[in-house]
Amino acid sequence: MSADSKNVLPRRRFLQAAGTTLLSTAIAAPMVITSRKAAAASNLTVVSWGGNYHAGVQEALATPFEKEFGVHVTLVDTPDLAKVKAQVMTNNVQWDVFDAVGPMAMTGSKNGYWEPLDPALFNRSDLIAPMTKDAVPLYGFTGGICWDNSKFPDGKHPETFADYFDVKKFPGPRTLRNRASETLEIALLADGVAPDKLYPLDVERAFKALNRIKPYIANWVDQTPQTVTLVETGQVDFSYTYSTRVKAAQEANKPINFSFKQNLIGLEYLVVLKNSPNKANAMKFVQFALRPDRQAALMNALGNTPASRSALPMMKPEVRKWLSDPSNKMNVVSNDMWWADHYDDLTLRFKEWVLG
Amino acid sequence: MKSRIDGLLYVGPATVFLFFVLFVPLAYVVYTSFWIGSGPSLSAYQRLLGSDLFLRTLWSTFQISITASVASLLLGYPIAMHLAKQTPRKRAIYMVLVLVPFWTSILVKSYAFTILLGRNGLVNQLLSAAFHTRVQLPLLFNRFGVMVGMTNYLIPFIVFPVLASLLSIDQSLYRASEIMGAKPPRIFFRITLPLSLPGVAAATLSTTVMSMGFFVIPALLGGRKDAMMSNLVDFYTRETMDWNMASAIGVILLGVVTLAAMGADQFQRREAKKGVMA
């Protein structure tokens, strides 16, 4: 018996070793095999957002593009500028088209991450905002005031930014975004600056106005979902949020309502990475995404304002009522080029101000 | 001697791997903090140490992480003590229960905490009903909310090291002290606490270091005064692409934590030299 215990059963040992090796290979395999296969098959990599957004882009842009041009499109989630920097820095660019919100597109442009876009590819007079040398607007998102309609029916809630800052008429805690962009514009509009004279922003006046409202801001919201959930749970009475979020809340039968009396239109851009591996296809895709019918299809899925004016009449009426009114003189379209020069300093100053 | 070589053979590959995966990137971060486009410079450090925003954020980061780990210790130590007294089978079940907070994402939890701790949340409603007035304690979106969220996350990291320490205490010590006539409080303060100190120190240090890197929990559950260093690093890394500043912040944090760890280590060595009291 004692002699047997010295003999470590060789077959069992072998089976254990073999089993562990197979298991670890099985776990590691997808990381090795898929990436090579995907790299071989992909003729275009488009970076966009996840969830329902991803589904919308797939259906309205990626699949039709594949059908028309025979180019396989891979959709990657979550645009991250730091990753772009790392790729461009190490000359190992793997992404082609990038879906960037205004400040991100402008920062990337300043740092030279994007390829210049040929203006001849687009119908420039049709765009709701001008394209820059390396970024073209894809759509506008609508920021505005929301409230709980069951608690604050007509007359009891603010609908313009001046009212949002009027704590006597509309008392109660409210929110603002925890960043300089959008917040400074709201402060100036609330303070009485005319929408068409907003830029260049009078920063001192904006901070003075913000000082007035600071005690009544219960939350400086970092994460966008909270802009609506805080109103839903009654934590705040009014909030600054986006039309798409309120649309989703209403579809979930929540009594949240959104004001279209005064809105901030932010812009989302499409850019192409510098030295992208599929530059020609990327340019084709960007041009494809700006076609009015494709814009209409994408915006029907996402619920935002298309960059192409001629796409507007092509959209479904139940989605159109969620779009900002382009003729509304109280609205302001974000001036991303101004922000490109001032974003860094103002954000630092804003962070300091919020802490104080 | 042979066991030494055997040991190196087993640990060697892992060390080499860790060297490349951990130390080389770390060295690159340190290098990035000292190097700008035109050559080596301390400009990032000068800007940071002269920046009011940085110093205030650093201070609040320390406040939050030290308070969070002490609070987790105070809440987690009794849990570990209770677990130490169980039979191994029951202990296994309890350990799984301790890990339950990890099963939900923080975004979902922050929504749930709003329902519990919010202005019109369950806690406030209960207190209102009990005191027959409208109670609206500010329990969320301030330092208290951050503490709730952080302890929720950190308690498992306290319970396990402290539990390990408690389990390693020789059970005969308890029997001996009972025979000698000691009452439970005396046993706790003279035997359990001193002998569990290594586990407590390890747990507190690791939770403090971990919580210094948090930023989602304070962002979702905290107020405007609860900004953490990671928010600043995130800003420089992902928004302004100023990796020079971001690495400088990282190096400063790393330096502070290393000094704290070395200090704690020295303190531990002095305590160990005093000998184990029984």
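1. A crossing of two helices is called left-handed if the near helix is turned anticlockwise from the far one by less than a right angle, and right-handed if it is turned clockwise. In this predicted model, helix 3 of chain B passes helix 9 of chain B in a right-handed crossing.

2. The geometry of this pair is as follows. Helix 3 (residues 52-84) and helix 9 (residues 184-212) of chain B pack with their axes 8 Å apart, at an angle of about 140°. The two helices of chain B are therefore oblique to each other, since angles count as roughly antiparallel over 145 degrees.

3. On the side of helix 3 of chain B, the contact includes B:Thr61, B:Ile64, B:Ser65 and B:Leu73. Among the residues that they and their neighbours in the contact meet in helix 9 of chain B are B:Val200, B:Ala203, B:Thr207 and B:Met212. By class, the residues of this contact comprise 7 nonpolar, 8 polar and no charged.

4. Between the chains, 24 residues of chain A are in contact with 22 residues of chain B. On the chain A side, two or more residues each come from helix 4 (81-89), strand 6 (217-221), helix 9 (226-232) and helix 14 (336-355). Helix 14 of chain A gives the most, with 7 residues. The side of chain A that touches chain B has 8 nonpolar, 10 polar and 6 charged residues.

5. B:Met262 belongs to helix 12 (residues 243-273) of chain B. This residue counts as exposed because it has 10 C-beta neighbours inside 10 Å. From B:Phe214, B:Met262 is separated by 48 residues in sequence and by 22 Å in space, C-alpha to C-alpha.

How values were computed. Residues numbered from 1 in each chain as written. Chains lettered and ligands numbered in written order. Predicted model: local features only at pLDDT ≥ 70, side-chain atom pairs only at ≥ 80, totals over all residues. Helix = DSSP H or I, 4+ residues; strand = E, 2+ residues; numbered from the N terminus. Buried ≥ 20, exposed ≤ 12 C-beta atoms within 10 Å, placed from the backbone. Contact = placed C-beta atoms within 7 Å. Nonpolar A, V, L, I, M, F, W, Y, C, P; charged D, E, K, R; others polar. Axes fitted to C-alpha atoms, helices over the stretch in contact; angles between N-to-C directions. Parallel < 35°, antiparallel > 145°, perpendicular 65-115°, else oblique.
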